[in-house]
Amino acid sequence: MKKLSIIVPCFNEEDTIPIFFKTVDEVLHTISDINAEYWFIDDGSSDNTIEEIHKLNVENTEKVHFVSFSRNFGKEAALYAGLQSATGDYIVVMDVDLQDPPELLPKMYAYLKDGSYDCVGTRRTSREGEPIIRSFFANQFYKLINSISSTNIVNGARDYRMMTRQMVDAILSMTEYNRFSKGIFSWVGFKTKFIEYHNIERVAGNTSWSFWKLFKYSIDGIMDFSEIPLSIASWTGVLSFVSAILGLLFIVVRSIVIPGSSVSGWASLVCIILLIGGLELLCLGIIGKYIGKIYLQSKNRPIYIVREKK
């Protein structure tokens, strides 16, 4: 009998945990040839999340396990901790808010069981219920990153996916500090099947993902899987240099052709200086962002710190 590990990152999800466990367990009972284990990863929650996980652990000692962080390290760290802790032949990553439909689990398992695929992922075909501005920027992000990166990331793809042990081991071999799981899942390769579904609202509680957090997360994803921003910074410098040379030639030629012409237009000159200065600062910021990632990686700090594990 095969073993299925279910990884569930949690941050301030005390209301959703009992509902999630009951719903998913009912679905798993329809799959007769697997044993399931749950790994709840408490990402430094400030509510009663860990207490709810403790209750499940006491009631289901053999089935429910958990890792509790010393503080909030972010969802990427929680995913990594879950993958490290999972012992199953197959591993599935799910959100605790039930926006990842559990009823897809039997179908995902069937695809992996016959050996046709190494991973079965999910993607949303609609974003109904989301703010329009968030949906717009999410679609633009996928268009942008797929146009500048050699790693293809499917539009609407979720972290919700079931993987073989071989694929998970490949993911764990990537020990980088700055992690963008959607890109890592694609980068390691392996044969992947995507199941489509319509957007589902949270079962309870509120999301911890604000627009600003999602924006910063998207920037990290672009820089983790593309060097194009560095190329843009370089070409911006080249264009500024060429423009300056052409400007100097224009001034010299005008002085020769029109003797005694005076230099005027201080306002426009100041605007040009500010423009070029702004471009230089932008380029330095892009380069600094990459250097900052190298700096964090060189420190060799752990991706997360465990306060309690069972």
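Biologist: In which sense do β4 and β6 pair, and over how many bridges?

Modeller: Please bear in mind that this is a predicted model. In it, β4 and β6 are paired strands, and the sense of their pairing is antiparallel. The number of bridges over which they pair is four.

Biologist: Which residue of β6 is the bridge partner of tyrosine 90?

Modeller: β4 covers residues 90-93, and β6 covers residues 157-164. The bridge partner of tyrosine 90 in β6 is threonine 164.

Biologist: Strand β5 also pairs with β6. Which residue of β6 is the bridge partner of cysteine 119?

Modeller: Strand β5 spans residues 119-124 and pairs with β6 in the antiparallel sense, over four bridges. Cysteine 119 has its bridge partner in β6, namely methionine 163.

Biologist: How many of the eight residues of strand β6 are buried?

Modeller: A residue counts as buried when its relative accessible area is under 20%. Strand β6 is largely enclosed by the rest of the structure, because the buried residues number eight of the eight.

Biologist: Is proline 101 buried or exposed?

Modeller: Proline 101 lies in the loop between β4 and α4, the latter being residues 105-113. Its C-alpha atom is separated by 9.0 Å from that of tyrosine 160, although the two residues are 59 residues apart along the chain. Since the relative accessible area of proline 101 is 4%, and the limit for burial is 20%, the residue is buried.

Biologist: What is the phi of leucine 98, and where does this residue lie?

Modeller: Most residues other than glycine have a negative phi. Leucine 98 is buried, with a relative accessible area of 11%, and its place is the loop between β4 and α4.

Biologist: Phenylalanine 190 also has a positive phi. Is phenylalanine 190 buried or partly exposed?

Modeller: The phi of phenylalanine 190 is about 70°, although the residue is not a glycine. Phenylalanine 190 is found in the loop between α7 (181-187) and β7 (192-197). Because its relative accessibility is 30%, phenylalanine 190 counts as partly exposed.

Biologist: Which residues make the nonpolar surface patch of about 270 Å²?

Modeller: One of them, valine 242, lies in helix α9, which spans residues 228-257. Valine 242 is partly exposed, with a relative accessible area of 40%. The patch is made by Val242, Leu246 and Leu249.

Biologist: Finally, what percentage of the residues in the protein chain is buried?

Modeller: The protein chain has 10 helices and eight strands. It exposes about 16600 Å², of which carbon and sulfur atoms supply 61%. Of the 310 residues in the protein chain, the buried ones make up 43%.

Note on methods. Residues are numbered from 1 along each chain as its sequence is written. This is a predicted model: local features need pLDDT of at least 70, side-chain atom pairs count only at pLDDT 80 or more; totals for chains, interfaces and linings use all residues. Side-chain values use heavy atoms; hydrogens and water are left out. Helices (H or I, at least four residues) and strands (E, at least two) are DSSP runs, numbered from the N terminus. Buried means under 20% relative accessible area, exposed over 50%, partly exposed in between (1.4 Å probe, protein chains only). Two strands pair if DSSP finds at least two bridges between them. Patches are made of residues with over 30% relative accessible area and no salt bridge: like charges are joined within 9 Å, nonpolar side chains (Val, Leu, Ile, Met, Phe, Trp, Tyr) within 5 Å. Accessible areas come from the Shrake-Rupley method with a 1.4 Å probe; for residues, only the protein chains shown count as cover. A salt bridge is a side-chain nitrogen of Lys or Arg within 4 Å of a carboxyl oxygen of Asp or Glu.
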